[in-house]
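Have the model open as you read.

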Amino acid sequence: MGKLLKLFICIAPMPLKRWLLQRYYGYCIHPTARIGWSWVFPGYLEMEAHSKIGHFNTAVHLDAIHLESTYL
């Protein structure tokens, strides 16, 4: 995927971002999980319920990221 698509994904609203990440990258993202304006493109990403990645984070050149539920 091109860098222009990745940039669009970074600034897209979360419902569209979730759909694009699941469709083009095969990530598993729960509907209540959130990603801010971050460059997050590991080999595999799994985000459970209520997990979050804030703004201005970078996660590249990683094999996998698995974020568990943070809701108490």
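Is Phe41 buried or exposed? Phe41 is buried, because its relative accessible area is 9% (buried means under 20%, exposed over 50%, partly exposed in between, with a 1.4 Å probe and protein chains only). Keep in mind that this is a predicted model, where local features need pLDDT of at least 70, side-chain atom pairs count only at pLDDT 80 or more, and totals for chains, interfaces and linings use all residues. Residues are numbered from 1 along each chain as its sequence is written, and side-chain values use heavy atoms, leaving out hydrogens and water.

The structure has four aromatic pairs. Rings of Phe, Tyr and Trp (its six-membered ring) pair if their centres lie within 6.5 Å; planes under 30 degrees apart are stacked, over 60 edge-to-face, and the rest tilted. Here are two of the pairs:

| Pair | Centres apart | Planes at | Type |
|---|---|---|---|
| Tyr25 and Tyr27 | 5.6 Å | 25° | stacked |
| Tyr25 and Phe41 | 5.4 Å | 50° | tilted |

The Tyr25 and Phe41 pair links distant parts of the chain, 16 residues apart: Tyr25 is in helix H2 (residues 14–25), Phe41 in the loop between strands E3 (39–40) and E4 (44–47). Helices (H or I, at least four residues) and strands (E, at least two) are DSSP runs, numbered from the N terminus. Ring pairs join Tyr25, Tyr27, Trp39 and Phe41 into a cluster. Tyr27 is buried too, at 4% relative accessible area.

Phe41 also has a charge over its face: Lys6, 5.2 Å from the ring centre (NZ of Lys or CZ of Arg within 6 Å of the centre and within 35 degrees of the ring normal).
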